[in-house]
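Me: I'm new to this one and would like to learn how to read it. Could you walk me through it step by step?

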Amino acid sequence: MIPNPPLRADPADCPPAPAACPPVPAAPASRAPASHEGAEPPAALRVEDLHVSFAQPAGRTRVLDGLTFRLGAGEIGCLLGASGCGKTTALRTIAGFVAPERGCVHIGASCVASATRQLEPERRGVGVVFQDYALFPHLDVAANVAFGLRALPASERSARVAEMLELVGLAGIGRRFPHELSGGQQQRVALARALAPHPAILLLDEPFSNLDPDLRERLALDLRDILKGQGITALLVTHDQYEAFALADRIGVMHAGRIEQWDTPYRLYHQPDTRLVADFVGLGAFLPGRLEHRDGSTCVRLELGVLPIRKRADEVIAGASAGERGEVTVLLRPDDVVHDDASPLRAEVVRKAFRGAQFLYTLRLPSGATLLALVPSHHDHAVGERIGIRFDADHVVTFDPRS
Ligand SMILES: Nc1ncnc2c1ncn2[C@@H]1O[C@H](COP(=O)(O)OP(=O)(O)O)[C@@H](O)[C@H]1O
Ligand SMILES: [Mg+2]
């Protein structure tokens, strides 16, 4: 395959944006209140109401169906979703390899793609790291990295190549060929090649999928350091939530061509807007409960006891989610359930998975419902044992039981 070269554009080349892009429906509001983070940085990338469909044997299939999000300058964003949900299509549309039928892509102040406008990929100021890295096998590392720098004089070009290889921790291997490198090194060369022409935005498609699981988290943290150190705005797509959590400032959980929730990793995990997000991000159990009000505060009565709702925002959501008699569905994450030998609340161990520092216990309640608990691994209990637990949930996440 001939890979697409790294892309570069001089913003001054961009024709002016058209007078109007299609009207944009408001992004769905998060159930959670806005955080106390500072003012949002100016948008480096705005994707609004993007619609893309493809002709397939079974007929035309819509792959992006109103994709909408905004990425601030210097932020790292991530589209997280199951295979086939449209992540690569989203990146390809932003990069300029696929044209949208509706909606628009803004990079900086310019509309680069809409139903009536399609700026060439090489004029969008976008660098791409492809899933298979797409290095040129017949070119050495230095020539690969120099690929997007042909317009520079030779001395500047080789200085920039050396700078990029140093940045990604590969100084001195410019004369090697891609087949002589490990997967992790190839990925770094692909990153150096994409960054060399100073793109306004870096796009990465499943950047760690070809690497050993052990390496992934470390490389994800290294990559984050590089991007943050250079102030680069980046969007990655992945199906792996741990990669997303390790790298991204903001994550959009994608489903069926649109974003269910665009939020910080912390809020996606602890304050998911929908059951779909709660299910996709992290482990947990959904248990039936009932809201109770006591002495001016609200709590949820569960089979095994009472869970106080400490946060006002969670209380408001619980009130709005509850059925006529206060019935709600409660999300309990494994870290909301604490093992405590002294607790009178007991649950039976039905499964255990050793995770090094912790066991992940699956516990059965008397009703037959199960929940998960992460327990330090020196508490080594046998399957069938009844162990003490208590709840320690900072956020109590509730859903409408009819949803
Ligand atoms: N060029 C194309 N022609 C037809 N169908 C496509 C094309 N590109 C992607 N698709 C289809 O779009 C859907 C989403 O694909 P993709 O964006 O690659 O998903 P993901 O990256 O989330 O796995 C899949 O069903 C895929 O087969
Ligand atoms: Mg993909």
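Predicted model: local features only at pLDDT ≥ 70, side-chain atom pairs only at ≥ 80, totals over all residues.

Me: How many helices and strands does the protein chain have?

Reply: The protein chain has nine helices and 21 strands. Its C-alpha atoms fill a box of roughly 75 × 50 × 45 Å along the principal axes.

Me: Which residues are around ligand 1?

Reply: Here a residue is near a molecule if its C-beta atom, placed from the backbone, lies within 6 Å of it. Around ligand 1 that picks out Phe-54, Gln-56, Val-63, Gly-81, Ser-83, Gly-84, Cys-85, Gly-86, Lys-87, Thr-88 and Thr-89. The largest share, three residues, comes from α1. Both β1 (43-56) and α1 (87-95) supply at least two residues of that shell.

Me: What about α1: how many of its residues are buried?

Reply: A residue is buried if 20 or more other C-beta atoms lie within 10 Å of its own, exposed if 12 or fewer, and partly exposed in between, with C-beta atoms placed from the backbone. Seven of the nine residues of α1 are buried, so the helix is largely enclosed by the rest of the structure. Among them are Lys-87, Thr-89 and Leu-91. Just after α1, Gly-96 takes a positive phi of about 110°. Across the protein chain, buried residues make up 42% of the 403 residues.

Me: And which residues touch the most other members of the largest nonpolar core?

Reply: A nonpolar core is a set of buried Ala, Val, Leu, Ile, Met, Phe, Trp, Tyr and Cys residues joined through C-beta atoms within 7 Å. The largest one has 107 residues, and Leu-203 and Val-300 touch the most other members. Helix α4 (residues 183-195) gives the largest share of this core, six residues.

Me: Leu-203 is in β8, I see. How many residues of β8 are buried?

Reply: Five of the five residues of β8 (residues 201-205) are buried. Ile-201, Leu-203 and Asp-205 point one way from the strand, and Leu-202 and Leu-204 the other way.

Me: Which strands pair with β8?

Reply: The general idea is that strands of a sheet pair through backbone hydrogen bonds, either parallel or antiparallel. Two strands count as a pair if DSSP finds at least two bridges between them. β7 (residues 126-129) pairs with β8 in the parallel sense over four bridges, with Val-126 opposite Ile-201. β9 (residues 233-238) also pairs with β8 in the parallel sense, over five bridges, and there Leu-202 has Ala-234 as its bridge partner.

Definitions and conventions: Residues numbered from 1 in each chain as written. Chains lettered and ligands numbered in written order.
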